[in-house]
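Please look over the structure shown below. A short briefing follows, grouped by topic.

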Amino acid sequence: MSKEYEVVIGLEVHVELNTKTKIFCGCSTEFGGEPNTHVCPVCSGMPGSLPVLNKGVVEKAIGVGLATHCEITRNSKFDRKNYFYPDNPQNYQISQLYYPICRNGYVAITDADGNEKHVRIHEIHMEEDAGKLVHDAFTDETYVDFNRSGVPLIEIVSEPDMRSADEVIAYLEGLRETIQYLDASDCKLNEGSMRADVNLSIREKGSEEFGTRTESKNLNSFRAIRRCIENEVNRQIDLLESGEKVVQETRRWDDEKGFSYPMRSKEDAQDYRYFPDPDLVPIQVSEEWISEIRDRQPEMRAEKIIRYKEEYQLPEYDIDQLTKEKRLADLFEGAVGAGADPKKASNWLMTETMRLMKETSTDAADLKFSAENLAELIRLVDTKEINGAVAKEVFEKAVFSENLSPAQYVKDNNLSTRADDGVLAEVVEKAIAANPKAVEDVKNGKGKAVGAIVGYVMKEMKGKCDPATVNRMISEKLK
């Protein structure tokens with residue numbers, strides 16, 4: 001009889017903080033750029049160079065800690081984690097082992113039964129990122145780009161509280177949402193500003209003892225994380241069912257091929273020979289400093305949901321969709337603040353905006369158009385300057401793509417639907433004369449027949465008229 005197994009998962013999540021400069025020097029943290037152009041003696045590990053801590057990194061780390069219910073360490077310090085790898089210029093990484101900046105927090109998720117569950121956070125510590133190895137398949141050579149070296153990271157280490165891939169994704173979504181609302185990071189998995197290491201083991205159901213765990217490194221999409229977990233669970237069960245043992249090791253997941261392979265046996269802290277960094281003084285965190293950071297914390301999603309219900313009377317579905325991404329919530333509030341009706345602003349964001357985001361693979365954080373331009377577009381529709389069909393065209397070509405003024409775009413491209421009443425009246429007369437059968441049907445009570453006459457008018461006017469006005473004028477003519 002086959003045994004029943006339980007999955008035990010803990011995560012180490014690395015998040016690049018979005019400070020303008022690196023953690024220990026003044027080099028830019030901007031993503032991209034020519035290789036080795038965002039570097040200096042400090043972040044490229046030159047002998048004799050000395051690190052200077054970026055205060056903004058500490059404040060963002062504390063902000064994340066407060067938002068995830070952590071205790072803030074009053075006396076924190078940095079340590080050196082020693083290892084040798086080509087993308088590690090100093091042959092050590094400045095990190096925190098003994099006194100991390102935050103401890104003992106949690107992220108609330110919803111489990112499979114619909115109940116709230118707290119995934120505990122063991123610690124959050126600050127550290128510097130390494131460089132990046134670039135492999136050239138044609139020349140079989142490897143290059144090193146140090147632009148990322150020294151970019152500030154926080155590593156969020158959970159307790160082994162998750163029991164499925166669904167819980168892991170829910171935890172990561174909760175973390176990402178919190179960090180994005182704090183404006184501490186854009187959390188773009190595809191650019192490496194958020195990545196996860198999955199520590200996973202299995203044990204017989206009912207057992208209190210943990211199994212042997214493996215670590216899968218640097219997973220950078222939710223899809224890859226889910227597939228890696230499912231694969232590793234099956235791999236470990238197959239090993240145990242065949243009488244073999246699971247080896248504690250670090251594994252690399254190949255998402256294209258759908259399998260993992262061992263990288264190295266798992267190191268522990270002793271292998272890294274940690275010791276206090278002699279070049280950096282301890283960090284003294286006062287109650288006053290924590291209070292200042294707490295007072296600057298923005299309105300989080302849970303608070304927005306409550307306020308949107310009371311202030312805007314939107315349906316729950318709208319509120320859920322608008323608040324999932326901070327950028328969408330900001331655009332919504334900005335458009336309403338600029339005079340747009342809340343429901344109309346919500347509809348434009350949930351329909352046309354999300355459609356174009358999907359079609360163009362655009363993240364919410366990368367939306368370039370302004371809330372003012374969205375409000376202006378809604379106003380043009382409300383005043384019947386343009387109709388709905390034209391509005392969609394203007395939104396896609398001008399607002400979403402270029403963040404242009406919709407009013408100016410309408411004017412420049414002669415898209416206004418405000419026709420001279422005399423001109424429109426002439427076209428309506430012409431449409432009635434050209435559709436005698438439809439006119440007869442309308443007079444005989446077949447209301448749908450008016451569509452043929454309206455369609456004729458819209459075609460003659462090239463869409464630059466308001467359908468409701470056309471319907472009204474036809475009705476008056478046929479009385």
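Which residues of the largest nonpolar core touch the most other members? In this predicted model, they are Val13, Ile156, Tyr171, Leu172 and Ile225, out of 106 residues in that core. Helix H2 (residues 165–181) supplies the largest share of the core, with eight residues.

**Nonpolar cores**
- Beyond its neighbours within four places in sequence, Ile225 is in contact with Val168, Ile169, Leu172, Ala196, Val198 and Leu219.
- Another core, of 16 residues, lies apart from the largest one; its members include Val427, Val428, Val457 and Met458.

**Helix H1**
- Helix H1 covers residues 55–67, which makes 13 residues.
- At 1.5 Å a residue H1 should span 18 Å, and the 19 Å between its end C-alpha atoms agrees with this.
- The N-terminal end of H1 is capped by Asn54, with a side-chain oxygen 2.9 Å from the backbone nitrogen of Gly56.
- Buried residues in H1 are Val57, Val58, Ala61, Ile62, Gly63, Val64, Gly65 and Leu66.

**The loop at Asn435**
- Asn435 sits in the loop that separates helix H12 (421–434) from helix H13 (436–443).
- Asn435 counts as buried because its relative accessibility is 17%, and the cut-off for buried is under 20%.
- With neighbours within four places in sequence left aside, Asn435 is in contact with Ala452, Ile453 and Tyr456.

Methods
Residues are numbered from 1 along each chain as its sequence is written. This is a predicted model: local features need pLDDT of at least 70, side-chain atom pairs count only at pLDDT 80 or more; totals for chains, interfaces and linings use all residues. Side-chain values use heavy atoms; hydrogens and water are left out. Helices (H or I, at least four residues) and strands (E, at least two) are DSSP runs, numbered from the N terminus. Buried means under 20% relative accessible area, exposed over 50%, partly exposed in between (1.4 Å probe, protein chains only). Contact means heavy atoms within 4.5 Å. A nonpolar core is a set of buried Ala, Val, Leu, Ile, Met, Phe, Trp, Tyr and Cys residues joined through side-chain atoms within 4.5 Å. The expected span of a helix is 1.5 Å times one less than its number of residues. A polar contact is a pair of N or O atoms within 3.5 Å; within protein, one must be able to donate a hydrogen and the other to accept it, and residues adjacent in sequence count only if both atoms are side-chain atoms.
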